[in-house]
Amino acid sequence: MPHSTVFAAEMPWPDYQKRVQNGDVPVLIPLGSMEQHGHHMPMHVDVLLPTEFARRVAEQVGALVAPPFTYGYKSHQKSGGGNFFPGTTSLDGASLVNALKDVVKEFVRHGVRNLCVVNGHFENSWFITEAIDLALRELGWADIHDVKVVVLSYWDFVDQASIEKLYPNGFLGWDIEHGGVLETSLMLRLHPDLVSLQDAVEHAPATFPPYDVYPAKPEWTPASGTLSSPKDATAEKGDILLDVCTRGIVEALENEFGKAAALASAS
C-alpha cells in the first residue's frame, strides 16, 4: 500500500525515490531555531511555524517536506531578544551554512532539482543565502546546473490589508514582533496547548539605539524576552495569517516551479 504523507522522512526509501528521482517534485526545508519566546510560549516556535506552513503548501503544490532544522543562527538583540537568555541554543554561522549546504547537495544527489527553504527565524537569513550560494557553486563544479532554490520567510507574505486587520491600532514593524501578536496568534490557532497567554508579560514595545554593542547589554531587552506585547493575539488573527501566508507561498512556488509538481503528484 502506498505511504501517503508529505513528510519525506516518514516515507520508505523506495517510495521516496519514486517521488523525487525525476526532479519534478520540490522539497521544502523548514529552517527554525531554539529560542526563547517569552513567558507564554515554548522555545521551538520558530520550528513549528515554518514546518506547518511547509506542510500546508506541500499539500497544494505536490511537494515533500524535509525534516526541519531545529537550531538556527544566534538570536540578535533587536530582533530576537538576544543570545544570552537561558534555553536559547544557537549555531555559529559557519555551522549553519555548512549543514544547510550539505543537505541541499544531498537532496540534489537524490534527484531533486527544485528546493524551497521556508525560514522561521529572521537571523538565519544571511546564512541561508551563503549556504545556497556555496551549494550551487559546488554543484556547478560537478556540472549540475539545473537546480533552483527558492528562499522565503513566511511573514514576508503578510500584505497591507492583513496588517490593518491584525494591528488596528498601528503596526510598529516586524523587527519588534518577536513573541508578539504574529507568532502568538499563529500558535493560538495551531498549538493552543503550548500557549499560556495568561503568563504573557504586557509591556511597551522595545526601543533600541541605532547601533549595536558586543557583548550585548541584557538591560536593553525587556526582561520577558518578548519585544512587544502579545496581549492582542487571537486564534482568529492566526487564521488571517495562515491564509495570506499559505496563499502567498503557494503562488510563489507555482511561479518558480510551475505546475510540474502537482502533475507529478497526481500521476
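Predicted model: local features only at pLDDT ≥ 70, side-chain atom pairs only at ≥ 80, totals over all residues.
How many of the six residues of β5 are buried?

1. **Strand β5.** Six of the six residues of β5 are buried, and the strand is mostly covered. Asn114, Cys116 and Val118 point one way from β5, while Leu115, Val117 and Asn119 point the other way; all are buried. In a regular strand the side chains alternate between the two faces of the sheet.

2. **The sheet.** An open sheet is formed by four strands in the order β2-β1-β5-β6, and their pairing is parallel. The edges are taken by β2 (64-65) and β6 (148-153), each of which has a single partner strand, so one side of each is left without a neighbour in the sheet. Strands of a sheet pair through backbone hydrogen bonds, either parallel or antiparallel.

3. **Pairing of β5 with its partners.** β1 and β5 run parallel and are joined by five bridges; in this pairing, Val27 has Leu115 of β5 as its bridge partner. β5 and β6 are also paired in the parallel sense, over six bridges. Val149 in β6 is the bridge partner of Leu115. Helix α2 (residues 45-61) packs on the sheet and touches β1, β2 and β5, its direction making about 165° with that of β1. Helix α8 (residues 235-257) likewise packs on the sheet, where α8 touches β1, β5 and β6; the direction of α8 makes about 165° with that of β6.

4. **Asn114.** This residue lies in strand β5, and its bridge partner in β6 is Lys148. Is Asn114 buried or exposed? Its relative accessibility is 15%, and the limit for a buried residue is under 20%, so Asn114 counts as buried. Leaving aside residues up to four places away in sequence, Asn114 touches Gly23, Val25, Pro26, Val27, Lys148 and Phe257.

5. **Cys116 and the nonpolar cores.** With residues up to four places away in sequence not counted, Cys116 touches Val27, Leu28, Ile29, Val150, Leu152, Leu253 and Phe257. The largest nonpolar core has 40 residues, and Cys116 is among those with the most contacts inside it, together with Leu28, Tyr154, Val158, Leu182, Leu186 and Leu253. At least two residues of this core are supplied by each of α2, β5, β6, α6 (160-166), α7 (181-190) and α8. Which element gives the largest share of this core? That element is α8, with nine residues. A second, separate core has 29 residues, including Val25, Phe107, Ala131 and Leu139.

6. **Helix α4.** The 18 residues of helix α4 (residues 93-110) should span 26 Å at 1.5 Å a residue, and the end C-alpha atoms are 26 Å apart, which agrees. The buried residues of α4 are Gly93, Leu96, Val97, Leu100, Lys101, Val104, Phe107 and Val108. Why do they lie on the same side of α4? They do so because they cover an arc of only 130° around the axis. An α-helix has 3.6 residues a turn, so residues three or four places apart point the same way. Ala94 and Arg109 are exposed and sit on the face of α4 turned away from its buried side.

7. Just after α4 comes Gly111, which takes a positive phi of about 120°.

8. **Helix α5.** With 17 residues, α5 reaches 25 Å from its first C-alpha to its last, close to the 24 Å expected at 1.5 Å a residue. Phe127, Ile128, Ala131, Ile132, Leu134, Ala135 and Leu139 are buried in α5. These buried residues pack against β1, β3, α4, β5 and β6. Just after α5, Asp143 has a positive phi of about 65°.

9. **Helix α8.** The 23 residues of α8 reach 32 Å from the first C-alpha to the last, close to the 33 Å expected at 1.5 Å a residue. Gly258 follows α8 and has a positive phi, near 75°.

Technical notes. Residues numbered from 1 in each chain as written. Heavy atoms only, no water. Expected span 1.5 Å × (residues − 1). Buried < 20%, exposed > 50% of the residue type's maximum accessible area, 1.4 Å probe, protein only. Arc of directions from axis to C-beta. Pairing = 2+ DSSP bridges. Contact = heavy atoms within 4.5 Å. Axes fitted to C-alpha atoms, helices over the stretch in contact; angles between N-to-C directions. Core = buried A, V, L, I, M, F, W, Y, C linked by side-chain atoms within 4.5 Å.
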